[in-house]
Amino acid sequence: MAELLALGRALRRDRLIVGVGVAGVVALAWVYLVAGAGIDASMADMPMEPMPWSPVYAALVFVMWWVMMIAMMVPSAAPMVLLFTTIRRKQAASVSPSVEAWIFFGGYLLIWAGFSLVAAVAQWGLERAGLLSMAMASTSTTLGGVILLAAGLYQFTPVKSACLRYCQSPVLFLGRHWRPGLVGALGMGFRHGGYCLGCCWFLMALLFVSGVMNLVWIAGIALYVACEKLLPLGHRFSRAAGVGLIVSGAIVLARAT
């Protein structure tokens, strides 16, 4: 009985440490975004050429994207991290479960860092082509319509369904992909991040339609992602969103012709 009580206390302590830490990371990410992510939003409506891409500015854009991904994606990944922490504690590992949980979480964040690098390069290319405004929103109705339509169609692909299945079920993911040790924790974090990326990357492309730093869209997409992954009918929710995006894209493209 004493051992069970000690285990219960340890589990609560681990979950508190990891949960508060993850919540703190998300809160800091949102504070950074609300503060403007280091980019002068007052210049958005000015008729100017795009900002020159110096190494410092490129790094700033990359950080902006990565912080956005943390703010939008981590809340829906928190149940996975907490379940991982609980299982590691129950296994009585020699290393602190909290340490391994942070390594798992770090692997997850590194996957989204890779996506953020690709997104920053895409932003650079779109700006060079004159397809993004100073507000970092699409200047082409056709481009906006294509992104909306493609994002909607992606919701019905087998890749989306397979990735969403693992994102919706932490038990299924950990049961099939469990690996022991620190290296295993990092690998599982990478794999889980990969499934989340496969599930949601096209939704992030919608930011090029509305404006990369449009906080309303950022919050809306973050809420949608959480509902899709955490609600019991998330799969149907995903299909309904796909239909809405396809219809919206078709309307935008029809108006562009």
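Guide: A salt bridge, as used here, is a side-chain nitrogen of Lys or Arg within 4 Å of a carboxyl oxygen of Asp or Glu. This is a predicted model: local features need pLDDT of at least 70, side-chain atom pairs count only at pLDDT 80 or more, and totals for chains, interfaces and linings use all residues. Residues are numbered from 1 along each chain as its sequence is written, and side-chain values use heavy atoms, with hydrogens and water left out.

Visitor: What makes E228 and K160 a salt bridge?

Guide: Their side chains meet at 3.1 Å, N to O, and the cut-off is 4 Å, so the pair qualifies. E228 sits in helix α9 (residues 215-230) and K160 in helix α5 (residues 158-168), 68 residues apart. Helices here are DSSP runs (H or I, at least four residues), numbered from the N terminus.

Visitor: Why is E228 called buried?

Guide: Buried means under 20% relative accessible area, exposed over 50%, and partly exposed in between (1.4 Å probe, protein chains only). E228 is at 0%, so E228 counts as buried. K160 has 1%, so K160 is buried too.

Visitor: And why is R128 called partly exposed?

Guide: R128 has a relative accessible area of 46%, so R128 falls in the in-between class. Its salt-bridge partner is E127, at 3.8 Å, N to O. E127 is buried, at 6%.

Visitor: What makes a set of residues a nonpolar core?

Guide: A nonpolar core joins buried Ala, Val, Leu, Ile, Met, Phe, Trp, Tyr and Cys residues through side-chain atoms within 4.5 Å. The largest one has 65 residues, and W65, M68, M72, W112 and M204 have the most contacts inside it. Helix α2 (residues 55-90) gives the most to this core, with 17 residues. Leaving out residues up to four places away in sequence, M204 touches several residues, including W65, W112, F115 and I221; contact means heavy atoms within 4.5 Å.

Visitor: Where is confidence lowest, and where is it highest?

Guide: pLDDT is the predictor's confidence in each residue, from 0 to 100. Confidence is lowest in helix α1 (residues 2-34), with a mean of 70, and highest in helix α4 (residues 141-154), at 93. Over residues 2-7 the pLDDT is below 50. Where pLDDT is low, the predicted coordinates should not be read in detail.

Terms used: Helices (H or I, at least four residues) and strands (E, at least two) are DSSP runs, numbered from the N terminus.
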